[in-house]
Amino acid sequence: MKNIEKFFNTIKINFDINRLLKNENQKIAVMYYAENEYGEVLMLERYKEPFAGKLVPPGGKVKDNEEIIEAMKREYMEETGFNLENIELKAFTSEEGPEHYNWILFIFLAKIKKEPLPECNEGILKWINKKHFQKENLTDIDKKIIPYLYDEKDFIYFFEINYDENKKAQIINIQEIKKPYSP
């Protein structure tokens, strides 16, 4: 939890991190909705759980004692081979449910240049037009969260999420956090 506390201090967000911890099975992870110059977002059709067969943004687990920002750079490079630009924290979650569905997740928006997609050992990378997100094979929870990620409000969102035994997600709480001013 020290890496989360340090990250919040770095980006000047005042949040009680104890609210994130729901159970001892939660893992810390990062994910990125990286949009190219054509309005397409790089997504990954996952090979395995969580969300096998679904399109999700690239990302992954934060290693023990790894800083959130370092994990962010490492995970995206490992899965895509691409560098991100204009990275912005847009949301974070505290999630609990069955195995593979217990997370403290940081969700970022970023810009990326469209390039041919490399192979990825996590799944198949695909460019998806963000105007068509709701028609794509996205996860139930991503379809619920995406409207908040792309709104015009000047907030970072905190979501508390529960998954039932069928891995169906329910948002039980949403908190808007005013973005800190940066000159």
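1. Which residue has its backbone oxygen 2.7 Å from a polar atom of the side chain of Thr80? That residue is Tyr76. The model is a predicted one, in which local features need pLDDT of at least 70, side-chain atom pairs count only at pLDDT 80 or more, and totals for chains, interfaces and linings use all residues. Residues are numbered from 1 along each chain as its sequence is written, and side-chain values use heavy atoms, with hydrogens and water left out.

2. Thr80 belongs to helix H2; helices (H or I, at least four residues) and strands (E, at least two) are DSSP runs, numbered from the N terminus. The relative accessible area of Thr80 is 2%, so Thr80 is buried. Buried means under 20% relative accessible area, exposed over 50%, and partly exposed in between (1.4 Å probe, protein chains only). Besides the oxygen of Tyr76, the backbone nitrogen of Phe82 lies 3.0 Å from a polar atom of the Thr80 side chain. With neighbours within four places in sequence left aside, Thr80 is in contact (heavy atoms within 4.5 Å) with Leu42, Pro58, Pro118 and Leu125.

3. Helix H1 covers residues 2-10, and Asn3, Ile4, Phe7 and Phe8 are buried in this helix. Seen down the axis of H1, these buried residues fall within an arc of 135°, so they line one face of the helix; the arc is that of the directions from the helix axis to the C-beta atoms. Lys2 and Asn9, on the other side of H1, are exposed. The buried residues of H1 pack against strand E1 (27-35), helix H2 (68-80), strand E5 (85-96) and strand E6 (103-111). Just after H1, Lys12 has a positive phi of about 65°.

4. Strands E5 and E6 pair in the antiparallel sense over eight bridges; two strands pair if DSSP finds at least two bridges between them. Thr93 stands opposite Leu105 in E6. E5 and E6 form a hairpin with six residues between them, and His100 in the turn takes a positive phi of about 75°.

5. E5 also pairs with E8, here in the parallel sense over six bridges. The bridge partner of Ser94 is Glu160 in E8, and Glu160 also stands opposite Asn173 in E9. Strands E8 (residues 155-163) and E9 (residues 169-178) run antiparallel and are joined by nine bridges. Their hairpin has five residues between the strands, and Lys167 in this hairpin takes a positive phi near 65°.

6. A pair of aromatic rings is described by the distance of the centres and the angle of the planes. Rings of Phe, Tyr and Trp (its six-membered ring) pair if their centres lie within 6.5 Å; planes under 30 degrees apart count as stacked, over 60 as edge-to-face and the rest as tilted. The count by this rule is 22 aromatic pairs. The rings of Tyr33 and Tyr150 have centres 6.4 Å apart and planes at 90°, so this pair is edge-to-face. The pair links distant parts of the chain, 117 residues apart: Tyr33 is in strand E1, and Tyr150 is in the loop between helix H3 (140-149) and E8. Tyr33 counts as buried at 1% relative accessibility, whereas Tyr150, with a relative accessible area of 22%, is partly exposed.

7. One aromatic cluster includes Phe7 and Phe8 as well as Tyr76.

Note on methods
Polar contact = N/O pair within 3.5 Å; in protein donor to acceptor, adjacent residues only side chain to side chain.
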